[in-house]
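Hello,

Please find the structure below, with its sequence. Notes on what was found in it follow.

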Amino acid sequence: EQPTLYIYQNNKASLNALVGKVYNAISGFELLLWNGNIVEGLDSSDADPRTAVGLDRPGRRLVIVIVDGRQSGYSEGATLAEMAQLLQQHGAWSGMNMDGGGSTTLVIEGADGQPEVLNSPVHQGIPGNERPVGNHLGIQAKR
């Protein structure tokens, strides 16, 4: 019942529709966009830190949206409805909400080869504190 992002070896992906042999997959909590439309009935009142992923219509472009939250004066967070709108505004055709809260962390490889956190995660009420999690979505760009 939870949506799944399927990733194939040819650098294509699909959301909630298995198309061929899967190379990697990761599940989320709820669909936000489907066939270009925002899913009806999404929560529009609870703002929290959020992570969402979406795909453009051909499934070649992955859209990642991270919103910090629970940090007064910096970011209160986003609702599920707001996340759907953000995905749509950035060209996603389908999209899902991943885990959020203290798990919302965006990391890149820094110039020195070490991990560099780009956002302000919050765990146990402490801004900048990362939550230990069991899985992640890692992407390696080809140079």
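To start with, which residue in E3 is the bridge partner of Thr4? The bridge partner of Thr4 is Ser27 in E3.

Before the rest, a word on the source. This is a predicted model, in which local features need pLDDT of at least 70 and side-chain atom pairs count only at pLDDT 80 or more, while totals for chains, interfaces and linings use all residues. Residues are numbered from 1 along each chain as its sequence is written, and side-chain values use heavy atoms, with hydrogens and water left out.

Strands

The labels E and H refer to DSSP runs numbered from the N terminus: strands (E) have at least two residues and helices (H or I) at least four. Two strands are said to pair if DSSP finds at least two bridges between them. Strand E1 (residues 4–7) pairs with E3 in the antiparallel sense, over four bridges. E1 also runs antiparallel to strand E2 (residues 13–15), to which three bridges join it. Leu5 stands opposite Leu15 in E2. E1 and E2 form a hairpin with five residues between them, and Asn11 in the turn has a positive phi of about 70 degrees.

Pockets

A pocket is found on a 1 Å grid over the protein atoms alone: it is an open set of points where a 1.4 Å probe fits, with protein on both sides within 12 Å along at least five of seven lines, and its lining residues have an atom within 4 Å of a point. Grid points are joined across faces, edges and corners, and the volume is the space filled by probe spheres set on the points.

The largest pocket holds about 1100 Å³ of space. Its lining has 30 residues, and Thr105, Val107, His136, Leu137 and Gly138 lie nearest the centre. Strands E3 (24–27), E6 (50–55), E7 (62–67) and E9 (107–109) are the elements that each give two or more residues to this lining. E9 supplies the largest share, three residues. By class, the lining has 14 nonpolar, 11 polar and five charged residues; here Ala, Val, Leu, Ile, Met, Phe, Trp, Tyr, Cys and Pro count as nonpolar, Asp, Glu, Lys and Arg as charged, and the others, Gly among them, as polar.

The second largest pocket has about 630 Å³ of space. It is lined by 21 residues, with Ile7, Asn11, Gly138, Ile139 and Gln140 nearest its centre. E3 gives the largest share of this lining, three residues.

Salt bridges

Two salt bridges (a side-chain nitrogen of Lys or Arg within 4 Å of a carboxyl oxygen of Asp or Glu) are found in the whole structure. Asp48 forms one with Arg50, where the closest N and O atoms are 3.7 Å apart. Arg70 forms one with Asp48, at 3.2 Å between the closest N and O atoms. This pair links distant parts of the chain, 22 residues apart: Arg70 is in the loop between E7 and helix H1 (80–89), and Asp48 is in the loop between strand E5 (37–38) and E6.

Arg50 is buried, with a relative accessible area of 10%. Asp48 is partly exposed at 22%, and Arg70 is partly exposed at 46%. Buried means under 20% relative accessible area, exposed over 50%, and partly exposed in between, with a 1.4 Å probe and protein chains only.

Regards
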